Amino acid sequence: MRFAVLVCGDPDEAADCVQEALVSTYRHWKRISGSGTEDAYLRRCVINHHISRWRAFRRRETAADVEAFEATTTSAEDDAVARYDEQQAWQLCQSLNRTQRAAVILRYYEELSFAEIADILGCAQSTARSHVHRALAQLRVRLENERT
């Protein structure tokens with residue numbers, strides 16, 4: 001579910017994508033189970049359902065309640081700094097296109113290798129590297145522009 005929320009940007013849409021992914025996975029479970037790729041298959045289903053929903057509605061929704069994703073800290077100052085940093089990081093990730101966002105989330109949040117990312121996204125390993133590299137370059141530029 002956390003992965004889906006990061007990919008979709010909206011907890012409600014993420015819940016719908018996870019439910020659709022689980023339903024479609026259940027139909028093919030005999031073929032999928034025991035292969036060792038169940039997690040990758042589910043992640044790919046979530047991404048596919050998210051893209052399908054986006055294409056159907058032709059709109060992009062953003063997270064309305066960023067505070068729901070914030071971690072609790074010990075002091076009020078630490079909490080305020082953490083909230084600002086997470087909100088800024090979330091907004092920056094939301095500015096990426098869907099494929100790049102998924103690649104960055106898979107690489108740095110899910111801590112997957114480029115081979116696993118390529119398998120999930122259905123692309124070559126070099127393309128997965130390229131998605132992450134270009135996304136990080138865009139994020140760097142946006143951060144530099146915000147600082148100036």
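R98 is buried yet forms no salt bridge, and the nearest side chain of opposite charge, E13, is 5.3 Å away. Buried means under 20% relative accessible area, exposed over 50% and partly exposed in between, with a 1.4 Å probe and protein chains only. A salt bridge requires a side-chain nitrogen of Lys or Arg within 4 Å of a carboxyl oxygen of Asp or Glu. For charge, Lys and Arg count as positive and Asp and Glu as negative, while His and the chain ends are not counted.

The side chain of R98 does join that of H50 in a polar contact of 3.4 Å. A polar contact is a pair of N or O atoms within 3.5 Å; within protein, one must be able to donate a hydrogen and the other to accept it, and residues adjacent in sequence count only if both atoms are side-chain atoms.

## Basis of the model

The structure is a predicted model, in which local features need pLDDT of at least 70 and side-chain atom pairs count only at pLDDT 80 or more, whereas totals for chains, interfaces and linings use all residues. Residues are numbered from 1 along each chain as its sequence is written, and side-chain values use heavy atoms, with hydrogens and water left out.

## Overall architecture

The secondary structure of the chain comprises eight helices and zero strands. Helices (H or I, at least four residues) and strands (E, at least two) are DSSP runs, numbered from the N terminus. Of the 148 residues of the chain, 34% count as buried.

Helix α6 covers residues 98–109, with R98 among them. Its 12 residues reach 15 Å from the first C-alpha to the last, close to the 16 Å expected; the expected span is 1.5 Å times one less than the number of residues. The buried residues of α6 are R98, Q100, R101, A102, A103, V104, I105 and L106. At the start of α6, a side-chain oxygen of N97 comes to within 3.1 Å of the backbone nitrogen of T99.

E111 lies in the loop between α6 and α7. Its phi is near 55°, a positive value in a residue other than glycine. With 67% relative accessibility, E111 counts as exposed.

## Charged side chains and rings

A search of the whole structure finds one salt bridge. It joins the side chains of R43 and E110 at 2.9 Å, N to O. R43 lies in helix α4 (residues 38–57) and E110 in the loop between α6 and α7 (114–121), so the pair ties together parts that are 67 residues apart in sequence. R43 counts as buried, at 16% relative accessibility.

R107 lies over the face of F114, at 4.2 Å from the ring centre. A charge sits over a ring if NZ of Lys or CZ of Arg is within 6 Å of the ring centre and within 35 degrees of the ring normal.

## Helix α8

Helix α8 (residues 125–147) has 23 residues and spans 33 Å from its first C-alpha to its last, close to the 33 Å expected at 1.5 Å a residue. Within α8, A128, V132, A135 and L139 are buried.

R140 is also placed in helix α8, but R140 is exposed, with a relative accessible area of 51%. The C-alpha atoms of R140 and L92 are separated by 9.7 Å, and the two residues are 48 residues apart along the chain.
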